[in-house]
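I opened this notebook page to record what I looked up in the structure, beginning with the whole chain and ending with a single residue.

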Amino acid sequence: MILLRDLLAAGARLAGPPGATTFTDWCYDSRLMTPGACFVALRTPRADGHDFIAAAIAAGATGVLCRWAPASAGVTVLLADEPQAVLQRWAAARLTAAAPQVIGVTGSVGKTTTRRAIAAVLATAQPTFQSRRSFNSLLGLPVALARLRDEHRFAVLEYGSDHPGEIEALAALFPPQIAVVTSVGAVHLHRFGTLAQVATEFATLLAALPTNGIVIMNGDDQKGLLAHLTNGHADRGVIRYGLGRDCDIRADTITYSLEGTRFQLHWQGVVETVSIPLIGLPAVYAALAAVATGLVCGLRLTSCVAALSTIEPVAGRLRPLRLPSGAVLLDDTFNASPPSVEAALTTLAALPARRRIAVLGPFTELKTDEATVAARELGQLAAHCSDALILKGDWGVIAARAARTVRNDLPITIVDTTDAALRAMPVTRTGDLVLVSGSAEARMERFVARVLMAHPADTPGGTPIAGYLTTPQLDHLLVRQETAWRSVRIGAPDRPTWLRVDLDAIATNIRWLQQLRGVPLMVVLKGDGYGHGAVRVARAALGAGASAVAVATLGEGRTLREQGILAPILVLGYTPPWQAEAIVGLGLDCTLFDDDTAQALSAAASADRRVRVHIKVDTGMARLGLAPNEVGPFLSRLRHLPGIEVVGIYTHFASADAEDLTQTTTQIERFRRLLDELATAGLRPPLAHAANSAATLRLPTACFDMIRPGIACYGLAPAPTVPLPATLRPALSFHSEIAQIRDHPEGTPISYGGSYITRGNSRIATIPVGYADGLRRSPAWREVLVRGQRAPLVGRICMDYAMLDVTDLAEVRRGDSVVLIGQQGSETITADEVATWLNTISYDVVTGILPRVPREVGE
């Protein structure tokens with residue numbers, strides 16, 4: 001309970017007559033508000049909580065702690081220059097007043113499970129408080145202490161660190177009497193630099209102990225780091241736990257089952273058999289830390305061991321969940337780091353199973369070199385521990401390559417979205433074991449939820465499936481299932497201007513196009529996947545059923561191969577003879593229409609490395625290719641060149657998007673007649689393809705053995721004459737945010753050259769996007785969306801910035817989202833509309849968005 005008088009004592013001041021004088025809890029996110037709580041409005045680099053005060057009050061807040069009072073509230077409003085500082089002072093005073101024995105838990109991994117295990121043991125002796133979820137920061141821990149009661153005799157608090165010095169600050173506010181250090185690992189190196197610096201950060205918790213304080217620490221960590229950690233704290237008691245024989249309290253004879261973990265516990269010559277309803281080695285360490293803490297707090301060993309059986313399984317931490325198929329899913333989605341994934345994979349291998357499947361997401365809290373090493377190590381370990389592997393995200397390329405050095409036949413799929421992971425998931429049955437793990441940003445719990453629940457997208461007609469769980473049931477089983485979490489994004493793009501690419505839309509578009517014509521589909525990925533990101537689009541397309549991909553150049557093909565794309569890749573463009581060795585070495589399919597390149601390819605090929613070619617025929621484009629009457633003799637000559645395998649023949653339409661299709665039907669007829677002639681002569685290649693997007697949509701007779709769409713796969717129309725079916729939806733949206741807003745008087749010149757002069761008092765906003773990003777300067781991009789309304793661009797577009805007039809838009813402020821292509825509210829700006837402004841086509845618009853704009857994909 002939070003009392004108004006205590007908040008005033010902590011430095012808050014009333015903005016007017018109070019309403020409520022007590023509050024049930026703290027809340028700093030209006031989407032998570034519970035009735036009766038006090039909302040604390042915080043300003044962060046990305047948002048200002050004052051903008052959400054009205055939403056918090058509407059959701060039931062009865063108090064607000066903020067920097068400035070809202071216009072109208074109707075609740076108790078407390079003001080403070082630094083609301084978070086008031087929150088911290090209040091929490092420190094609250095802990096002092098309740099005066100429980102404080103057990104502080106810190107470490108690189110395992111904090112939450114250890115904290116819960118300790119609380120389970122201590123609660124059998126005295127009322128025990130524990131900080132909830134991962135509320136372990138200078139914001140989270142004070143919020144958690146709102147639920148501390150006077151009768152609590154133990155308080156088990158979790159201390160985390162996002163930056164050097166945070167644990168020292170937490171320990172100063174909430175000093176412990178017992179400090180538990182779970183591990184010193186590489187998880188935090190991106191923040192602290194070295195393992196020694198990580199240990200130094202954790203050591204600040206030990207420094208806050210009283211002279212009779214106790215240190216309980218993992219004795220299996222690197223011994224040098226343990227010495228570093230305990231240096232200067234020799235006057236305090238130290239208890240080491242772990243598996244090593246030099247640990248004070250240790251475990252051996254460990255066995256795992258789906259019901260939990262059993263082991264033998266050794267303490268001062270006494271041996272106890274322990275059973276805990278948690279799975280995996282991290283659970284063993286947590287149990288040992290809990291028993292050590294219980295013993296220090298005066299509990300009997302037998303009482304501590306008995307209490308371990310009451311530990312509640314933790315959502316998202318190797319929690320076993322039975323699937324309707326009879327298989328069991330190990331949910332490790334809370335916020336896995338490489339060490340915890342290593343432990344999870346080892347546990348997967350140790351558990352009995354008919355087949356083991358690992359579904360692993362990326363890790364975001366690592367430097368690039370650390371992430372590369374982790375990906376290699378986990379890939380190799382996964383190959384030893386699993387029978388099928390699904391890897392979500394770009395890191396999967398490195399992990400898959402490493403896994404194949406161990407087991408070249410291991411089925412591995414790399415995906416980028418939850419939908420793609422679901423489609424890659426093998427059909428499971430009783431005896432199968434599925435591990436799902438990843439960092440919080442990977443949002444792997446969404447995959448788990450979809451597997452456990454009958455999701456409309458996964459069932460014919462959206463009908464429920466017997467045995468699947470409902471949303472309310474999932475709320476109690478999985479992490480991040482609150483309404484707010486279902487829409488929130490964790491993490492952020494690399495800069496405040498970015499593209500969002502809906503890979504699931506691309507997959508849906510490709511499936512629809514393939515079903516439309518009933519023949520295999522080759523997706524065209526020229527121009528970095530039409531500006532959408534060729535590698536990720538390739539993965540999405542192939543996962544959706546595409547048979548092959550096509551690129552324009554050798555370089556584009558090399559990029560795909562290096563990123564693990566193993567499917568056929570056709571280079572559509574001209575390949576000079578000097579690139580023949582690279583084509584063969586990369587295993588690319590080559591467009592062929594001349595003897596010189598054919599000779600070079602044959603020379604580069606070998607008996608065990610043939611080169612696949614597609615013959616290009618010019619039926620009316622007059623750009624590249626053989627004339628129809630040249631194809632037969634050319635194919636005959638190729639038969640005498642060793643190492644060349646002719647797998648395809650194709651042509652390209654010049655005007656399949658025109659209103660008048662006469663030329664296109666003529667091309668179709670020429671191509672068909674050629675194919676008949678080649679078939680009669682025994683020269684017809686297996687695959688004939690011609691249909692681009694427009695022909696795929698309009699001309700069934702053009703589809704032959706395979707279709708080759710490009711722009712339609714991305715949800716964009718080939719031309720105004722070829723409208724898209726409603727089923728196909730755009731995959732790309734273009735975003736930025738407002739960097740600055742200034743008021744200018746009438747007559748103020750804006751941007752270079754002063755070509756635009758304000759016609760009256762104007763509010764001009766600047767956005768960090770310019771022509772070096774693809775925001776075209778001439779002809780100029782005309783409008784963007786801000787707060788769901790159109791705002792005109794004014795002045796000349798700069799290399800890195802553009803200005804817009806927001807005079808007529810209410811309450812626009814720095815940080816507001818700006819949409820350049822896409823939807824905001826009820827307004828939409830399409831790539832086709834932008835193309836009309838620029839006197840070009842949508843192809844040019846999307847491929848013209850330059851590489852320095854980061855591409856963000858949905859989860």
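The entries below cover the overall build, the surface and charges, and then one threonine.

**Entry 1: overall build.** I note at the outset that this is a predicted model. I looked up the secondary structure and found 28 helices and 42 strands in the protein. I then took the extent of the C-alpha trace, which is about 95 × 75 × 50 Å along the principal axes. I next compared the radius of gyration with that of a compact globule: for 859 residues the globule would have a value near 29 Å, and the protein has 32 Å, which agrees.

**Entry 2: burial and contacts.** I looked up how many of the 859 residues count as buried, and the share is 54%. I also looked up the contacts between residues at least 6 apart in sequence; of these, 65% join residues at least 24 apart.

**Entry 3: surface and charge.** I recorded an accessible surface of about 35,000 Å² for the protein, with 52% of this area belonging to carbon and sulfur atoms. I counted charged side chains as well: 80 are positive and 79 are negative. The centres of these two sets lie 2 Å apart.

**Entry 4: T293.** I located T293 in helix α10, which runs over residues 281–296. Is T293 buried or exposed? I read a relative accessible area of 0%; the cut-off for buried is under 20%, and T293 is therefore buried. I then listed its contacts, leaving aside neighbours within four places in sequence: T293 touches I103, I118, L122, V180 and I216.

Key
Residues numbered from 1 in each chain as written. Predicted model: local features only at pLDDT ≥ 70, side-chain atom pairs only at ≥ 80, totals over all residues. Heavy atoms only, no water. Helix = DSSP H or I, 4+ residues; strand = E, 2+ residues; numbered from the N terminus. Rg over C-alpha atoms; globule rule 2.2 N^0.38 Å. Buried < 20%, exposed > 50% of the residue type's maximum accessible area, 1.4 Å probe, protein only. Contact = heavy atoms within 4.5 Å. Areas by Shrake-Rupley, 256 points an atom, 1.4 Å probe, with all protein chains shown as cover. Lys, Arg positive; Asp, Glu negative; His and termini not counted. Charge placed at Lys NZ, Arg CZ, Asp CG, Glu CD.
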